[in-house]
Amino acid sequence: MVNKKGKFRLLSYLVDTNLIYYRSINREKKILAFALFELSSNYQIEKTLQNFVKRGLILFYSIEINIVYPEKIVYLFCISDNNKSEIFKNFNLISYNLNQITPSINFFKNEKLEKEFLKILSLDKKKNSLINNATGSIRVKDDSKIKTLNFYIINYDKVGEADDIIYQFINYLRSLKRHGYLILNFQLINERISVEIYYIDYIDDLNHQVFDLVSVVNEFFNIELICQLNLEIKKLFLLLLRYRLTKNTNYFQDTSKIHNLEYYYNYKNLLDFTNEFNELLEANEIQFHQLNKNLYILEQSTLVIILVTVRFKFLLNILKKFRSKFNLLLIILNDKGYEDLLKIEKISTIPNLKILNYEEFCHFDLKSLKYLNN
């Protein structure tokens with residue numbers, strides 16, 4: 001069943017199972033079709049998507065990261081053609097190849113697809129949302145609530161090592177209690193994959209803790225990491241399509257360094273483990289203080305370090321800082337990271353350090369830590 005939605009151009013689309021269709025208003029009269037999906041685990045599909053872009057099967061694809069829930073990653077790709085049946089054929093080819101990589105791919109359908117597609121602008125098809133422009137921001141009125149959307153370009157080309165800057169940026173935004181989405185757009189320009197990254201920041205008009213995000217972020221990172229973009233109302237369409245907002249062209253030899261998605265999936269694995277760890281500590285009546293998502297102090301005598309994968313520089317700094325003050329328990333959740341760490345000879349020379357992988361931790365007696373210094 002195909003339903004036509006909306007009477008404005010922004011909402012004049014067709015929803016048909018896994019695809020949302022727009023007919024372009026230029027002379028070519030091409031049809032644009034959009035598919036959205038998410039993954040339930042960490043699989044490397046970017047090379048496959050980029051290959052489809054290079055072959056012309058995909059016009060572009062984007063990655064959408066929710067700042068509040070960074071482990072929730074949504075992919076969007078666009079197929080363009082004059083013929084709807086050709087689009088449907090290409091979609092089947094693309095979805096088949098992606099499912100060959102991992103069956104965990106979940107393509108959104110029908111109402112869920114529509115809801116996921118519209119959420120980027122805080123739109124709701126069941127309510128009369130009014131959109132207007134205010135000095136480069138977008139204000140969305142929904143009943144009595146008003147949200148202001150601000151837009152920021154991420155100048156990742158100014159960063160020496162770009163592999164984890166996005167992860168750090170998201171973590172910092174979370175510490176500032178921000179809400180919004182990070183969009184990474186990939187498309188072929190001059191036979192090379194070009195990347196644009198921008199952040200959409202949502203501000204509730206009842207929120208009085210509004211400050212200059214550009215100054216705060218750039219001062220924290222000590223570089224001009226972000227700059228605000230004044231978006232014209234006529235470009236609102238680009239946001240809905242998760243398309244690029246500027247004409248800037250940025251190339252990277254290895255685009256995977258820009259969006260190291262392993263960090264986000266690691267975040268989810270770490271969150272699941274720490275929830276389990278907290279319950280075990282309480283059940284064993286062990287006093288603890290959680291310093292952050294990676295560090296615990298137990299019974300004022302043992303420092304527990306929890307890592308999904310080994311971050312050597314981070315680990316080295318922690319060991320130097322705390323090895324003279326606490327007994328150290330290091331839990332590595334990733335088996336490869338655990339094996340790589342054990343290959344380092346100097347690690348075994350630290351007398352008060354115990355290293356466990358997840359399986360070993362499951363058989364570890366936590367109560368032994370309770371009376372370690374007694």
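I looked up burial in this predicted model and found that buried residues make up 49% of the 374 residues in the protein. Buried means under 20% relative accessible area, exposed over 50%, and partly exposed in between, with a 1.4 Å probe and protein chains only. My numbering runs from 1 along each chain as its sequence is written. Local features need pLDDT of at least 70 and side-chain atom pairs count only at pLDDT 80 or more, while totals for chains, interfaces and linings use all residues; side-chain values use heavy atoms, without hydrogens and water.

I noted 11 helices and 18 strands in the protein. Both are DSSP runs numbered from the N terminus: helices are H or I with at least four residues, strands E with at least two.

Next I looked at contacts, meaning heavy atoms within 4.5 Å. Of those between residues at least 6 apart in sequence, 65% join residues at least 24 apart.

Then I turned to helix α5, residues 213-221, where L213, V214, V217, N218 and F221 are buried. Why are they on the same side of α5? They cover an arc of only 110 degrees around the axis, so they share one side; the arc is that of the directions from the helix axis to the C-beta atoms. The face turned away from the buried side of α5 carries the exposed residues E219 and F220.

I checked what the buried residues of α5 pack against: β10 (145-154), α4 (165-175), β12 (192-204) and β13 (226-229).

Last, I checked the ends of α5. At its start, a side-chain oxygen of D212 reaches to within 3.2 Å of the backbone nitrogen of V214. N222 follows α5 and has a positive phi, near 60 degrees.

Note on methods
Polar contact = N/O pair within 3.5 Å; in protein donor to acceptor, adjacent residues only side chain to side chain.
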